[in-house]
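This briefing goes through selected local features of one structure, grouped by topic. Please read it beside the sequence and the coordinates.

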Amino acid sequence: MNKLLDPPLRYFSIYLGAVSAIEIAHLTVWSLLFCPMLAGMAGLARRYSRQRSWELLAAICVSLAVGMNVSYQAMAGAIPAVRSVRFDAQLLALDRLLIGETPSVWLERWISPPLTELMSACYLLLMPLLLVSLLRYFFRRRELLGEFYTGLFAVYGLGFLGYLLVPAAGPWLAYPELFNVKLSGGAVTAFNHAMVEQGSNKVDVWPSLHVAVTLYILGFAGRHHRLEFWVLLLPILGLWIATFYLRYHYFVDVLSGLALAGFGLYEARRHAAHPAINPNKKDTYANAV
């Protein structure tokens with residue numbers, strides 16, 4: 001089991017261990033989902049520790065991508081089964097303590113249908129950006145596969161722990177009475193709203209993974225694909241503003257997401273030469289430590 005603490009599994013395994021233990025303690029049916037996922041990753045980690053190959057590393061990365069998607073959807077039922085409390089009041093109170101009011105209320109004065117369309121388009125950027133990044137490093141830039149997945153799943157593992165420990169719904173669901181202007185737009189706004197309404201697990205606020213994941217991808221691009229960094233910069237800045245404009249996040253969510261992305265980039269860089277994520281750099285890592 002200790003091999004689960006090697007990159008790139010480390011932080012996502014910690015999350016799976018925590019959620020499995022809590023679900024077992026409460027005797028919920030969700031333990032039948034999370035425990036096998038953890039056991040499967042442990043089996044892959046054990047095999048990989050004995051035979052370091054790109055194929056086994058790829059299998060670990062696929063298990064992380066699948067585990068992330070399954071876990072996110074499962075949290076809609078798994079977290080309410082063990083934690084009925086919501087922390088929206090505390091997050092809103094922190095916003096007011098730090099900056100006087102939650103930014104979604106400030107932005108209400110600039111709401112217009114065209115701007116809502118633009119902000120909705122920016123918010124939707126995460127999914128294609130994430131999908132393209134996952135596939136790109138898997139199929140085309142294999143030398144960066146372990147590095148990219150190590151940092152990304154540090155972000156997801158710790159972010160999901162945040163959802164488990166501090167479940168909250170966001171201003172749009174918890175405090176609709178704060179807002180006087182309705183968000184209206186066109187087809188993009190309707191599509192984004194439907195995606196969030198149907199796809200959100202309703203506990204995914206702290207930290208903002210929309211901010212953390214996009215900053216991580218942007219930072220990774222800045223390290224390895226400089227032109228791409230400049231192309232993505234403005235749309236991603238728009239996405240961060242959209243988290244407030246569309247009333248999905250508190251200020252402290254975004255602040256925490258920025259810090260989490262920084263940690264993910266640090267982990268990716270720190271483990272770039274680790275033999276567990278790059279078998280070809282075993283000697284380099286041995287010399288470094």
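Glu-143 is partly exposed, at 46% relative accessibility. Its side chain meets that of Arg-141 in a salt bridge, 2.6 Å from N to O. The model is a predicted one, and the count of salt bridges in it comes to 7.

**Salt bridges**

- Arg-141, the partner of Glu-143, is partly exposed as well, with a relative accessible area of 28%.
- Salt bridges with shared partners join Arg-10, Glu-267 and Arg-270 into one network.
- Arg-136 and Glu-228 form a further salt bridge, in which the closest N and O atoms are 2.8 Å apart.
- Because Arg-136 belongs to helix H7 (residues 126-140) and Glu-228 to helix H12 (residues 226-245), this pair ties together parts that are 92 residues apart in sequence.
- Both ends of the pair are partly exposed: Arg-136 has 22% relative accessibility, and Glu-228 has 25%.
- As a general point, side chains of opposite charge can pair when their charged atoms come close.

- Glu-101 sits in the loop between helix H4 (88-99) and helix H5 (103-106).
- Glu-101 counts as buried because its relative accessibility is 16%, and the cut-off for buried is under 20%.
- A salt bridge links Glu-101 to Arg-96, with 3.1 Å between the closest N and O atoms; the two side chains also make a polar contact at 3.1 Å.
- Arg-96 is partly exposed, with a relative accessible area of 38%.
- When residues up to four places away in sequence are left out, Glu-101 touches Leu-92, Asp-95, Arg-96 and Trp-106.

**Nonpolar cores**

- The largest nonpolar core has 78 residues, and those with the most contacts inside it are Phe-12, Phe-153, Tyr-156, Phe-160 and Tyr-216.
- Helix H3 (residues 54-82) gives the most to this core, namely 13 residues.
- Another core, of 7 residues, lies apart from the largest one; among its members are Leu-91, Leu-92, Tyr-175 and Val-205.
- Tyr-216 has contacts beyond four places in sequence with Glu-147, Phe-148, Gly-151, Leu-152, Val-155, Ala-261, Gly-264, Leu-265 and Ala-268.

**Backbone geometry**

- The peptide bond joining Pro-7 and Pro-8 is cis, with omega about 5°; Pro-8 lies in the segment before helix H1 (10-25).
- A cis peptide bond also runs from Trp-206 to Pro-207, where omega is near -5°.
- Pro-207 is placed in the loop between helix H10 (187-199) and helix H11 (209-224).
- Lys-202 is found in the loop between H10 and H11, and its phi is positive, about 70°, although Lys-202 is not a glycine.
- Lys-202 is partly exposed, with a relative accessible area of 26%.
- Leu-27, another residue other than glycine, has a positive phi near 55°.
- Leu-27 is located in the loop between H1 and helix H2 (31-50), and at 76% relative accessibility it counts as exposed.

**Cysteines**

- How many disulfides does a search of the whole structure find? The search finds 0.
- Cys-35 is partly exposed, at 26% relative accessibility, whereas Cys-122 is buried, with a relative accessible area of 12%.

How values were computed
Residues are numbered from 1 along each chain as its sequence is written. This is a predicted model: local features need pLDDT of at least 70, side-chain atom pairs count only at pLDDT 80 or more; totals for chains, interfaces and linings use all residues. Side-chain values use heavy atoms; hydrogens and water are left out. Helices (H or I, at least four residues) and strands (E, at least two) are DSSP runs, numbered from the N terminus. Buried means under 20% relative accessible area, exposed over 50%, partly exposed in between (1.4 Å probe, protein chains only). A polar contact is a pair of N or O atoms within 3.5 Å; within protein, one must be able to donate a hydrogen and the other to accept it, and residues adjacent in sequence count only if both atoms are side-chain atoms. Contact means heavy atoms within 4.5 Å. A nonpolar core is a set of buried Ala, Val, Leu, Ile, Met, Phe, Trp, Tyr and Cys residues joined through side-chain atoms within 4.5 Å. A disulfide is a pair of cysteine sulfur atoms within 2.5 Å. A salt bridge is a side-chain nitrogen of Lys or Arg within 4 Å of a carboxyl oxygen of Asp or Glu.
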